[in-house]
Structure formats: C-alpha cells, structure tokens
2 protein chains.
Amino acid sequence: MNQHNYAVIMAGGGGTRLWPVSRRNRPKQSIPLVSEESLFQTTVRRLDGFFPPERIFVVTVAEQAIILREQAPEIPGENFLLEPQPRGTASVVGLAAAVLNRRDPQAVMTILPADHYIRDRDLFHYILRVAIDIASQGYLVTLGIAPTFAATGYGYIQRGAPLPETFSYPAYSVSRFQEKPDEETARKMLATSEYSWNSGMFIWQTGRILAEFARQMPELSLKLNQIGQAWDTPACDEILGRLWPTLQNETIDYGIMEKAEKVAVIPAAGLDWSDIGSWDALFDVIMPNKDGNIVVSGQFLSLDTHNSLVYGNGDGRLFVTIGVDDLILVDTGDVLMVCHKDRAQEVRRVVDTLKNSMREHYT
Amino acid sequence: MNQHNYAVIMAGGGGTRLWPVSRRNRPKQSIPLVSEESLFQTTVRRLDGFFPPERIFVVTVAEQAIILREQAPEIPGENFLLEPQPRGTASVVGLAAAVLNRRDPQAVMTILPADHYIRDRDLFHYILRVAIDIASQGYLVTLGIAPTFAATGYGYIQRGAPLPETFSYPAYSVSRFQEKPDEETARKMLATSEYSWNSGMFIWQTGRILAEFARQMPELSLKLNQIGQAWDTPACDEILGRLWPTLQNETIDYGIMEKAEKVAVIPAAGLDWSDIGSWDALFDVIMPNKDGNIVVSGQFLSLDTHNSLVYGNGDGRLFVTIGVDDLILVDTGDVLMVCHKDRAQEVRRVVDTLKNSMREHYT
C-alpha cells in the first residue's frame, strides 16, 4: 500500500448500553465481547496486511490508553494520541488530521471506530482500497452500510448521483445526511434504496478535511492547528491543556460533513457489519445454536429456552434456564443482569439510575 | 400440656425442586428459604409453648443430623433418631412410634414434616390441641388443609360423617385418601367441599399406630419392634444396620392409612399453610412488593419487572432485571438459575440431567 495511507482508530468512547460488562474504566472496545479478543484488538487485527502498525494511530483518553497499548503492543507508543477529555468527534478527527498532516502533508487517513464488528475482512480491505482511490481524487469518502432492517439507532446517508469518475466499486455523491430516524421514517427511507447506514468510517486526505475545518469551523481549526504544531514538542502538554477544554464540542457529521463539499458515499454491502451498540447486537454477529441461544462464555444448561444469550465472567458458574425466551443474561461477578432482548436499549437507564443513587461503583 | 405428648419432626427428605439452594448434603429443611432461619428451625420454633424440647424428636439421616443439631441445640442429642438410609415414611413413623412407645407406653405423637410453612402459629396450636384430644379417643388423626386451588401436587383426604363425639373444632371420619390427582379431578373434588389437602401431619397414640402396623404390615412391625427394643442399648447399631435395609419401602399413607380403622380428619382452615415444595410456593408465603416482586436476599434494581423472585446468596451481588415478568432468579455462587414461574416443577429435571451427565457436584 501507498506509504501515505494511515488508519486512525477512534477509541475514546464509552458503551453504557453494554453495561455491566462495559464500565467507565473498562469500556466496551477494550473487553472481549464477540470473541476472546477485545473489539479494539479485532479492529487492529482487521488492518493486518493493509496498514503497517507504524501507520496505525489511536485516539483515546489517558485512562484507556494503558490497557489499549497492552492490547496492541505492535503499535508504536507515540501513535496513541491522548485527548485530555472527550470533546466530540470533530475534535478527535481534527486532532488526528492536524498531527498526521504535520508529519506527512500527503497523508490519506481512514477513520475507524474501535468497537465495530466486520465479519468479511477481505471485502473490507477491497472497499478500503476503493475508498482511498476516491479520497485521492479529493473526495471526503463516507463508508455507508447497506441497511438490513429499519434501524432507528443509526444515522443514514442518502446517495445522490454516481461519481463522474470510474472506480472499482459503485460510489455516489452524498445528497444528505439524516440523523437517527424514527421507525416510520426509516421504513420510508429503506423503500427508496437510496440510503445507507452511516458507519462512522471516513476516508480522506488530511489536507482536504483540514480545509473543511478551516472553512466551516474556523475557531476550532485555528486551535487544532496550534495543537498540531506543538505535538511532539515540549510545549504540547501546556498548549493542549490550555486549548482542549475550550474546543467546540461537536460531532464530525454535524460540524463538518453535512455542509462539506465533494462528499462521496460507498454503499458497502456484505461486510456483515455491526456497531455492537447494545447486547441484542450480539445476536447478529454470533451464530446461535439450533434453539437460537448464544453462549458467549459460561456453562449453560437449558430446558425449553430460546433466543437467549448468556455472557458469563469466566469463573465457571453454571447457568441454568427453564422455560424462558428472548433473555439476555450477563454476569460480571458483582452484577447479574437479566434483560428482555427487546429492551436492550434500556440498559443505559439502569446505569443512569445507579449513578443517581450513589451506586456509581457499579458503573 | 399433658406430659405424654410428643412431637416427631420428619427431617430426612431432600427437596430437589428447590435446587440449586437445596442440595444433597444441605436439603431444603436445613436452609433459610422464607426467613433468616431454616424451615427446620421455624418448625421447631413453632412448637414453643406446646412441646418442651425434651419431648421433641427428630427423625433424619446421619449426614443431616449434624447441621440440624446445630440449628436446634435445645433438643437433646438422643432425641435425634437416625435412619441408616431413607426407607419410606412408613419406616420413619414406625421407628419413631416404636422408640417412643418403649419410653412411654401412653405416648401420643404428633408427626410434623420439617419443611412446611404455617403462618398462624396460635391457630396451629389450637388445632393440635383438638387433634390430641381426638387422638386420645383412639383415632388416627390426619390434619387436612382447606384447599385454596385445584392443586395437583398434593394428596387429598375425603371426609365422611362427622365424628360422633363432640370436639372443639369440626372433625370427620375419613371416607378415602386420594393420591395426587390431575387438574380436572382436583377441580371436581373441590366442587364437593368434601376434600382437604393431605398435609402429612398426623396425630395418634403410639399404641394405636403400632397396632395398625402389626395388623397391616406384620413383617415391618416385627422388625421395627426389634429395633425399638434395641434402641438406646449397645446392640442397637448392629440390629439397625442389619434390619433397616430389609424394611419394606412404603409410605405411611399407602402402607397404613388407607386401610386403617378409626381414621379422622380435621379440615383445618386459615393456617396459611404451604409445603414449600418448589420455588413458586414462595409467592404464597412471602408478601411481594407492589410490582409482585419478591426479594428473598440480594440487592435488586428492576425496570418494568413483575411477579418475579430473586434469591441471592448473600454475597452482595446486584441483581438487575429489565422488562421481564414471572421469573425466578436463584443465585448460589456456583449456579445461577433463571426459571419461568410456571415451570418451577421442572427444576427437578435439571437435577436429574446434572446427575446423568457427570455433573453431580452441582446437585
């Protein structure tokens, strides 16, 4: 691959809906959910043969950096860019672009969330290659995902006309970004075949995206440039500590993408993608047994039990279920959660309740 | 009370349907299920002010005797009669009758299962007093329970004519014993108002019941008399060890009661009785909260959860439930069981499966 290609893994997020396994100091990307390795490790491994480790960067926060460095020792320590505190994805993307651009003005960066699941790695690499081709023509490329149901938990991207250039996978200009819709809106969008899910994966030249920052968010752009210039110098800590808390807290989608020029979308199909946003997502990425049950870990003995998931904490406990359907059972030792599969989004409410009732040590 | 009155607590049973809390070496009567004390302790305490400890006997097996003695230190050690192994309730009752009759030929014995729940102790004492009065007239008295639903898990007793003598609570001759019926039969029986549940509590003179043994089960009677004569002598171990395994394995109901003479039933109402036969029985004896939930132990945080029961093992774990109804959650540390309330009888099947799959250590 071209030596100007870089991956930037965004690994600063939380993951409240995957509580009680996902915790403040051990969020979902750093824990094994789908397999023996963490989602972050799987994300790094997915880049094998595409980006060499020295061209993989990780943006995260200090309290997560230690465990993430341990989980990916092949990535050079200085490639971990630490946000002093979360300030929205615009700042994360802008920081990475500024730092990369300073090192390599020709850099093309691929933004990847640390906590996504993609089954088909070869197809993913193929599409990344196309995306980088398109980005090299000056496009801001968004990776869309062909929707498989009327999801209300994702943003959508509406495609416009096909790009005038010819690439080795269909690509379109972006007509508009749609934030998380209600179910009826989602159904209507799906009926048109014009919409992809917004995966949060972006591919672009650092120069192009920094120009959009300068045009659309000039104050943020100015501060990020100051930080980028100071990076890897003795002055960095002082400047970062002073400027970071003053950055505008915005998402890259809303702050930049919606009004950006030359935005393209690749409506990727067949990646078998999931953002593992909540416990019920595991039913999409782990093959169940004949009764529809999934045992991520733990011993499981069931009578007349269907479409249920067991996630043990590896201490050898025996899980027994009798006459139940559609349950998510999660055991972390200190917490045992039993949640109806259709209510997986409400795990977040439990975390809020715990925080508001002086039981924050469980969160 | 009359000094010839004795209580005999039958504490040799298992309680497979209350697994995983009830185990082979720690069966249900010895564990706290309804309150802080064990069902056995509650049974003993229920006799306070009625039988002095020295006239309370306990029939059990050796492996349970240690913990039961610890739980009721006020009962003299020699009052624990140890069966070498379970041989049916006929042998248990016959042994207790033979031993008691040797000590006190005028003894009137009250047979009480160790694992029953009775809320109204005063009423229970009142009815026992009546039962002993009736037994003193030579009757074999069965304590019936006024049915509250068409139970298929209990045997029934059909009353006949009122007893000719006058007692201070209604009492009847027994028309017949009915083994556990199917639901339709149970409904029909309830419609007649003639049936009580067979509680397994019996009151009679030891001389009377031993005469029935001699008449109906002469071989068992002969052997029990030999054992009874040897009790408290140096020869006991040898005789018990030799004869006990040869005893006919029979229930007192089938072996004696069904064809006994002068059998009476007191159809007791209002005791708030339960045999705590399975997990769902706890819903009858523990007051639920406004959502119908019961927390026996453990911390519990629920969203939209109804008619469910949580039984923790006291290690401070937090139980969280979201959007579930009618569940029984039992945690013993090594096992976590989630059972639909309507399927509580099937816990036994899990225990059988574990025994048959080399996982007997969980049983």
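Me: Before the strand pairings, what does it take for two strands to pair here?
Reply: Two strands pair if DSSP finds at least two bridges between them. The model discussed here is a predicted one.

Me: Which strand of chain B does β17 of chain A join, and in what sense?
Reply: Strand β17 of chain A (residues 335–340) is joined to β15(B) by 5 bridges, and the two run parallel. Within this pairing, Val335(A) stands opposite Leu318(B).

Me: What is the strand order of the 6-stranded open sheet?
Reply: The order is β13(A)-β15(A)-β17(B)-β16(B)-β14(B)-β12(B), and the pairing is mixed.

Me: Which strands stand at the edges there?
Reply: The edges are β13 (299–303) of chain A and β12 (294–297) of chain B. Each has a single partner strand, so one side of each is left without a neighbour in the sheet.

Me: And by how many degrees are neighbouring strands turned against each other?
Reply: On average, neighbouring strands of this sheet are turned by 10 degrees against each other, direction ignored.

Me: What about the pairing of β13(A) with β15(A), parallel or antiparallel?
Reply: β13(A) pairs with strand β15 of chain A (residues 318–322) in the parallel sense, over 5 bridges. In this pair, Gln299(A) stands opposite Leu318(A).

Me: Which strands does α11(B) touch when it packs on the sheet?
Reply: α11(B) touches β13 and β15 of chain A, together with β17 of chain B. The direction of α11(B) makes about 130 degrees with that of β13(A).

Me: Back to Gln299(A). What is it in contact with?
Reply: Leaving aside neighbours within four places in sequence, Gln299(A) is in contact with Gly316(A), Leu318(A) and Phe319(A). Gln299(A) itself lies in strand β13 of chain A.

Me: Why does Gln299(A) count as partly exposed?
Reply: Gln299(A) has 15 C-beta neighbours inside 10 Å. A residue needs 20 or more to be buried and 12 or fewer to be exposed, so a count in between is partly exposed.

Me: What rotation superposes chain B on chain A?
Reply: A rotation of 180 degrees, with 0.1 Å of shift along its axis, superposes chain B on chain A with an RMSD of 0.1 Å. This is the relation of a two-fold axis. The copies meet through the same surface, because 100% of the interface residues of chain B are also interface residues in chain A.

Me: How is chain A divided into domains?
Reply: Chain A has domain 1 (5–274) and domain 2 (279–362). Their C-alpha centres lie 30 Å apart. The contact between them takes 10 residues from domain 1 of chain A and 17 residues from domain 2 of chain A. The side of domain 1 that touches domain 2 divides into 7 nonpolar, 2 polar and 1 charged.

Me: Changing topic: is strand β9 of chain A buried or exposed?
Reply: In strand β9 of chain A (residues 195–205), 11 of the 11 residues are buried, so the strand is largely enclosed by the rest of the structure.

Me: Which strands are joined to β9(A)?
Reply: Among them is β4 of chain A (residues 108–113), which runs antiparallel to β9(A) with 4 bridges; Met109(A) stands opposite Trp204(A) there. Strand β6 of chain A (residues 140–145) is also antiparallel to β9(A), with 5 bridges, and Gly144(A) stands opposite Asn198(A). Strand β7 of chain A (residues 156–162) pairs with β9(A) in the antiparallel sense over 3 bridges, with Tyr156(A) opposite Trp197(A).

Technical notes:
Residues are numbered from 1 along each chain as its sequence is written. Chains are lettered from A and ligands numbered from 1 in the order in which they are written. This is a predicted model: local features need pLDDT of at least 70, side-chain atom pairs count only at pLDDT 80 or more; totals for chains, interfaces and linings use all residues. Domain bounds come from an automatic or database domain assignment. Two residues are in contact if their C-beta atoms, placed from the backbone, lie within 7 Å. Ala, Val, Leu, Ile, Met, Phe, Trp, Tyr, Cys and Pro count as nonpolar, Asp, Glu, Lys and Arg as charged, and the others, Gly among them, as polar. Axes are lines fitted to C-alpha atoms, for helices over the stretch in contact, and angles run from 0 to 180 degrees between N-to-C directions. Copies are superposed by least squares on the C-alpha atoms of residues with pLDDT of at least 70 in both.
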